[in-house]
Amino acid sequence: MNRLILADNQAIFRAGAARVLALEDDMRIVAQCEDMAKLSTAIDGFKGSIIILSSSFCQDLPALLRRTRLLDIHVILVSENSELVTDEVASQLDGIVCRNVAGPDLLDCVRRVSRGQRCVQRANVTMMQAADSVGANVRDRLTPKEMQIVALIVQGCKNKEIAIQLATKEQVIKNYLRSIYDKTGVSDRLELALFTIHHRVLAEAAAKAGNLIQMKTA
């Protein structure tokens, strides 16, 4: 049984990864951590486990890797789609996957690492350009209001909360969401959030829309 610790400050990505991993008979998620305090506790409690860790989660990655090695814990780094991981850091990790990793590839990486192998996913330039093209197409199809709703969905807001922030009715938000689902090809809010995170151009546009909302409500 592979015992897994998910450490990511993006709740949506944690939820998506957990949904993929929990379906497998040889995978058991023993902890989900949104901050270093919880990760530290999980590390002490689950020796010999595998950590799936986002690159933005830990400020001192080398120190964390020294600690995990002492406890026979393997670390798979989730790098941002446009991020470059140096060879020095990569050599200390058991695995590296990109933020837009597909479910089967994440499972394959975990299983390889559990067998003592290293698994490093190198972003292909052509693939990255294609992903950006998809994100750009969706971004251009969404209206400014729809983009604001996407931004709030990524932040984990419910329909009622979105309606309050945008000074409208909850039913209006539901109508907008149906249009957004049609334009992005997703079926629910979790898939929408994951789709947005996986496409850098779309994620950046959503982040800007979210910042505008914060400025208006400040």
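**The sheet and its helices**

Guide: In this predicted model, six strands make an open sheet with parallel pairing, in the order E2-E1-E3-E4-E5-E6.

Visitor: Which strands stand at the edges?
Guide: Strand E2 (27–33) and strand E6 (119–120) do. Each has a single partner strand, so one side of each has no neighbour in the sheet.

Visitor: What holds strands of a sheet together, in general?
Guide: Strands pair through backbone hydrogen bonds, and the pairing can be parallel or antiparallel.

Visitor: OK, and how many bridges join E1 to E3?
Guide: Four bridges link strand E1 (residues 2–7) with strand E3 (residues 50–54), and the two run parallel. If you want a spot to look at, find Ala7, which stands opposite Leu53 in E3.

Visitor: Which strands does helix H1 touch?
Guide: Helix H1 (residues 11–21) packs on the sheet and touches E1, E2, E3 and strand E4 (74–79). The direction of H1 makes about 165 degrees with that of E2.

Visitor: Let's move on to H2. Which of its residues are buried?
Guide: In helix H2 (residues 36–45), the buried ones are Leu39, Ala42 and Ile43. Looking down the axis of H2, you would find them within an arc of 100 degrees, so they line one face of the helix.

Visitor: What covers them?
Guide: The cover over the buried residues of H2 includes E1, E2, E3 and helix H3 (61–70).

Visitor: And which residues are on the face turned away from the buried side?
Guide: That face of H2 carries the exposed residues Ala37, Thr41 and Gly45.

Visitor: New topic: at what angle do H7 and H9 pack?
Guide: Helix H7 (residues 144–154) and helix H9 (residues 170–184) pack at about 90 degrees, with their axes 10 Å apart. They are therefore roughly perpendicular to each other.

Visitor: Which residues meet there?
Guide: From H7 there are Lys145, Glu146, Ile149, Val150 and Ile153, and they meet Ile173, Tyr176, Leu177, Ser179, Ile180 and Lys183 in H9. By class, the residues of this contact are seven nonpolar, one polar and three charged.

Visitor: How does H7 pack with H10?
Guide: H7 and helix H10 (residues 189–198) pack at an angle of about 100 degrees, and their axes are 9 Å apart. So H7 and H10 are roughly perpendicular to each other. Val150, Ile153 and Val154 of H7 make this contact with Arg189, Leu192, Ala193, Thr196 and Ile197 of H10.

Visitor: What classes are those residues?
Guide: The contact of H7 with H10 has six nonpolar residues, one polar and one charged.

Definitions and conventions: Residues are numbered from 1 along each chain as its sequence is written. This is a predicted model: local features need pLDDT of at least 70, side-chain atom pairs count only at pLDDT 80 or more; totals for chains, interfaces and linings use all residues. Side-chain values use heavy atoms; hydrogens and water are left out. Axes are lines fitted to C-alpha atoms, for helices over the stretch in contact, and angles run from 0 to 180 degrees between N-to-C directions. Angles under 35 degrees count as roughly parallel, over 145 as roughly antiparallel, 65 to 115 as roughly perpendicular and the rest as oblique. Contact means heavy atoms within 4.5 Å. Ala, Val, Leu, Ile, Met, Phe, Trp, Tyr, Cys and Pro count as nonpolar, Asp, Glu, Lys and Arg as charged, and the others, Gly among them, as polar. Two strands pair if DSSP finds at least two bridges between them. Buried means under 20% relative accessible area, exposed over 50%, partly exposed in between (1.4 Å probe, protein chains only). The arc is that of the directions from the helix axis to the C-beta atoms.
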